[in-house]
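This report describes selected local features of one protein model. The sequence and structure come before the details.

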Amino acid sequence: MSENYPAKGHPKGLYILFATEMWERFNYYGMRAILVLFMTKALLFDHAFASNLYGSYTSLVYLTPLLGGYIADRFWGNHRSIIWGGIVMAIGEFILFFCGSVYQSAPQLSTFLFFSGLGFMIAGNGFFKPNISSMVGQLYPKGDRRIDSAYTIFYMGINVGGALGPFICGLVGETGNPADFRWAFLAAGIGMSLSVVVQKIFHHKYVVDSDNAVLGLVPKDSPKIFNNKIFSIIGLLLFSVIAIGLLYVDARVVGYLTYLLAAAVVFIAFMIFSDKTLSVIEKQRIAVIFIVSFFVVFFWSAFEQAGASLTFFAADETQRMVGWNFPLWIIVALSLLLLFYLFKLYKKVQKNLSGTFHKELRVTVYFLLFLLFAGIAIGNIYLIGNSGKPILLREFPASWFQSLNSIFVVSFAPLFAWLWLKLGKREPSSPTKMAFGLLLLSMGYMWIAFGVKGVQPGIKVSMIWLTGMYALHTCGELCLSPIGLSLVNKLAPFKFASLLMAVWFLANAAANKLAGVLSALYPENGKTTSVLGYHMSNLYEFFMLFVFTAGLASLILFLLTKRLQKMMHQ
């Protein structure tokens, strides 16, 4: 084995991909955590418009990877797509930073910058999202037993970024002064830039397969024009302008996105089922994919309220005043423990990254450890010199609640992995697990509905209701999201594998659009909203909407599981 590819443990390329994905997720989830707050408190959009715009934005975020993945496979390769996509996303965040800087002095310019920043985020994500995870499995030879644990480590990177992003961006952006939201966008942009830097500097050296061949390079048969930087920049700018236009038209002119997504699914279904080379068994398996994708819409449309209506609820209806006093001695003690851990990391890096081959990576890690060490030391010196008073946390920012999902995923994922193994032959089928996921989602909304039942207007409820709901939702996610993705990979015929994965992404896109539409029904200030004859004049009735929809979807899927298992032929 080479220096870069150990016989034991994991190749260092995994940790390069880990860091790249972690900082990108820091960027995306950090920005998402404060997005609707910025729209309503700084740009002064009403809740309904902000919700619909949020739904359109997140829907397009799931839609554009279909094009980005196609271009990466045929013309650019994974690495180039990640770099260009990351740069475009970073530009989007910096545009949003300028939007947050001028919204008071130049409202019309800030609106233009806002839609432009979101458009760049959508376009960049289209090239980044589908390419990073596909390289994890390629690091290992076929049949390598380390692949499953590698994906577990990579998934941890996603959730570390997902937890840190809302925490840091909420800390610097959600201060009570709307002008400070810009610092959240700046922090997210810096995180995205770090992701690009890591990928640019270390990819060719470390992201290699077992034969030491660099992964994700430009396909050999790619036309030369696609390697031209000027052509690439013009293409990305054009794609970003199109994304801006798609977002603006759906939000301000005509809501076309729902119809576009439905038409795309119908078109793909017609293409696949009209193929005469498919056997009856293959068609039945494909039908299962379409059926479970339909139920996925009900799950994510309720789950993704986290970035919209549940953020409104956290900001306006949740008692977030805590008044926690942290004695200085506790902070100093924890800092000393952290410094000791950093020293242990330094010794580990010194051992594992010795030699000239790893010099660049070693120096980079040393520099990062030094920054952390210096930051902790300076912070403690400042606190001790500032009369040594306890640190007071007056209020828990609303955006911090969006870190809970990632924290719970890291906490609960090993438990679910153990549970499925422990059940052995009694392990539920994939459709049954997904039905349980919908049931847990419904239970989460039942929990918070009881928390607000009978509460008078103006009275805020305990944080325990949101926290408990997010815990149940995370359990539901662990039953549905990885299971559904795995099911699509197992059932899809090879010739339609990419197209059927597109169906899964389209279902997610439709769910996110529906999430925005449903969030617009949030009954703020006592107003009454309605959907399909169901009227909502308070939060209890609003949350019960999701109890009914997710619960009914769960019940129907439970009833269908036997039939779906037969259609799967497994």
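Contact means heavy atoms within 4.5 Å. The model is predicted: local features need pLDDT of at least 70, side-chain atom pairs count only at pLDDT 80 or more, and totals for chains, interfaces and linings use all residues. Residues are numbered from 1 along each chain as its sequence is written, and side-chain values use heavy atoms, with hydrogens and water left out.

## Ser399

Ser399 is placed in the loop between strand 2 (391–395) and helix 13 (404–423); helices (H or I, at least four residues) and strands (E, at least two) are DSSP runs, numbered from the N terminus. With a relative accessible area of 0%, Ser399 is buried. Here buried means under 20% relative accessible area, exposed over 50%, and partly exposed in between (1.4 Å probe, protein chains only).

Leaving aside residues up to four places away in sequence, Ser399 touches Ala33, Ile34, Pro166, Gly170 and Glu174. The side chains of Ser399 and Glu174 are also joined by a polar contact of 2.7 Å. A polar contact is a pair of N or O atoms within 3.5 Å; within protein, one must be able to donate a hydrogen and the other to accept it, and residues adjacent in sequence count only if both atoms are side-chain atoms.

A search of the whole structure gives 40 aromatic pairs. The rings of Phe38 and Phe114 have centres 5.9 Å apart and planes at 40°, so this pair is tilted. Phe38 belongs to helix 1 (residues 12–41) and Phe114 to helix 4 (residues 107–132), so the pair ties together parts that are 76 residues apart in sequence. Rings of Phe, Tyr and Trp (its six-membered ring) pair if their centres lie within 6.5 Å; planes under 30 degrees apart count as stacked, over 60 as edge-to-face and the rest as tilted.

Both Phe38 and Phe114 are buried, and they belong to one aromatic cluster that also includes Phe45, Phe49 and Tyr103. Among the residues that Phe114 touches, not counting those up to four places away in sequence, are Leu35, Met39, Leu53 and Cys99. Phe114 is also one of the residues with the most contacts inside the largest nonpolar core, which has 167 residues. A nonpolar core is a set of buried Ala, Val, Leu, Ile, Met, Phe, Trp, Tyr and Cys residues joined through side-chain atoms within 4.5 Å.

## Charges over rings

The charged end of Lys205 sits over the ring of Phe357, 4.9 Å from its centre. Lys433 places its charged end over the ring of Trp420, 4.3 Å from the ring centre. The criterion is that NZ of Lys or CZ of Arg is within 6 Å of the ring centre and within 35 degrees of the ring normal.

Helix 11 (residues 328–352) has 25 residues and reaches 36 Å from its first C-alpha to its last, close to the 36 Å expected at 1.5 Å a residue. The expected span is 1.5 Å times one less than the number of residues. Its buried residues are Leu328, Ser335, Leu339, Leu342 and Val349, and their cover includes strand 1 (321–326) and helix 12 (359–385).

Thr258 lies in helix 8 (residues 257–273) and counts as partly exposed at 42% relative accessibility.

## Positive phi

Leu44, although not a glycine, has a positive phi of about 60°. Leu44 is in the loop between helix 1 and helix 2 (47–63) and is exposed, at 65% relative accessible area.

Leu532 has a positive phi near 50° and is likewise a residue other than glycine. Leu532 is found in the loop between strand 3 (529–531) and strand 4 (534–536), and is exposed with a relative accessible area of 89%.
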